[in-house]
Amino acid sequence: MKKIEAVIKPFKLDEVREALSEIGVTGMTVTEVKGFGRQKGHTELYRGAEYVVDFLPKIKLELVVADAQVDTAIEAIISAARTGKIGDGKIFVTSVEQVVRIRTGETGEEAV
């Protein structure tokens, strides 16, 4: 099993969720986060004063999928989240050693 963490633009969340649902991903965790990469923030004007916004709002998705589903899930995220502009996000994939469903005690892929 693999854990996929994707940091995407907030307005792309619904498209990514739908794309993942279409390929059979049944659950995910969504967190509102702030950060920056090459984008390095931007300047905004508020009441006549200019100020720098260093950390931009992003959405972090976390999902655990079977090894066979990893490439399909990554492609679904990329196709739904891509705008072609800087700040589209990143995807991180890590191995998951064990999963346990608290309610039933199921383990492994049955618990995902």
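Is Lys9 buried or exposed? The model on screen is a predicted one.

**Stop 1: Lys9**

Lys9 sits in the loop between E1 and H1. Its relative accessibility is 13%, and buried means under 20%, so Lys9 counts as buried. Now show what surrounds this lysine. Leaving aside neighbours within four places in sequence, Lys9 is in contact with Lys58, Thr83, Lys85, Ile86, Gly87 and Asp88.

**Stop 2: the sheet**

Switch to cartoon and select the strands E2, E5, E1 and E6. They form an open sheet of four strands, in the order E2-E5-E1-E6, with antiparallel pairing. The edges are E2 (29-35) and E6, each of which pairs on one side only. Look along the sheet: neighbouring strands are turned by 20 degrees against each other on average, direction ignored.

Strands of a sheet pair through backbone hydrogen bonds, either parallel or antiparallel. Go through the pairs here one at a time.

- E2 and E5: seven bridges join these antiparallel strands. Pick Glu32; its bridge partner in E5 is Ile59.
- E1 and E5: seven bridges again, with the strands antiparallel. Pick Lys2; its bridge partner in E5 is Val65.
- E1 and E6: this antiparallel pair is also joined by seven bridges. Pick Ile4, which stands opposite Val93 in E6.

**Stop 3: helix H1**

H1 lies across E1, E2 and E5, and runs at about 10 degrees to E5. Which residues of H1 are buried? Select Val16, Ala19 and Leu20. They cover an arc of only 95 degrees around the axis, which puts them on the same side of H1. The buried residues of H1 pack against E1, E5 and H2.

Step just past the end of H1 to Gly24. Gly24 takes a positive phi of about 100 degrees.

**Stop 4: helix H2**

Select H2, residues 70-81. H2 lies across E1, E5 and E6, and runs at about 5 degrees to E1. Check its length with the distance tool. The helix has twelve residues, so at 1.5 Å a residue it should span 16 Å; its end C-alpha atoms are 16 Å apart, which agrees.

Next, colour H2 by burial. Its buried residues are Val70, Ala73, Ile74, Ala76, Ile77, Ala80 and Ala81. Seen down the axis of H2, these fall within an arc of 160 degrees, so they line one face of the helix.

The face turned away from the buried side carries the exposed residues Asp71, Glu75 and Ser79.

**Stop 5: the nonpolar core**

Hide the cartoon and show side chains. The largest nonpolar core holds 18 residues. Within this core, Ile4, Ile8, Val16, Leu20, Leu61 and Leu63 touch the most other members. E1, H1, E5 and H2 each supply at least two residues. Which element gives the most to this core? H2 does, with seven residues.

Centre on Leu63. Not counting residues up to four places away in sequence, Leu63 touches Lys2, Lys3, Ile4, Leu20, Val25, Gly27 and Met28. Two of those contacts, Ile4 and Leu20, are also on the list of residues that touch the most other core members.

**Stop 6: after E6**

Follow the chain into the segment after E6, where Val96 is found. Not counting residues up to four places away in sequence, Val96 touches Met1, Lys2, Lys3 and Val64.

Is Arg103 buried or exposed? Its relative accessibility is 70%, so Arg103 counts as exposed.

Methods:
Residues numbered from 1 in each chain as written. Predicted model: local features only at pLDDT ≥ 70, side-chain atom pairs only at ≥ 80, totals over all residues. Heavy atoms only, no water. Expected span 1.5 Å × (residues − 1). Buried < 20%, exposed > 50% of the residue type's maximum accessible area, 1.4 Å probe, protein only. Arc of directions from axis to C-beta. Pairing = 2+ DSSP bridges. Axes fitted to C-alpha atoms, helices over the stretch in contact; angles between N-to-C directions. Contact = heavy atoms within 4.5 Å. Core = buried A, V, L, I, M, F, W, Y, C linked by side-chain atoms within 4.5 Å.
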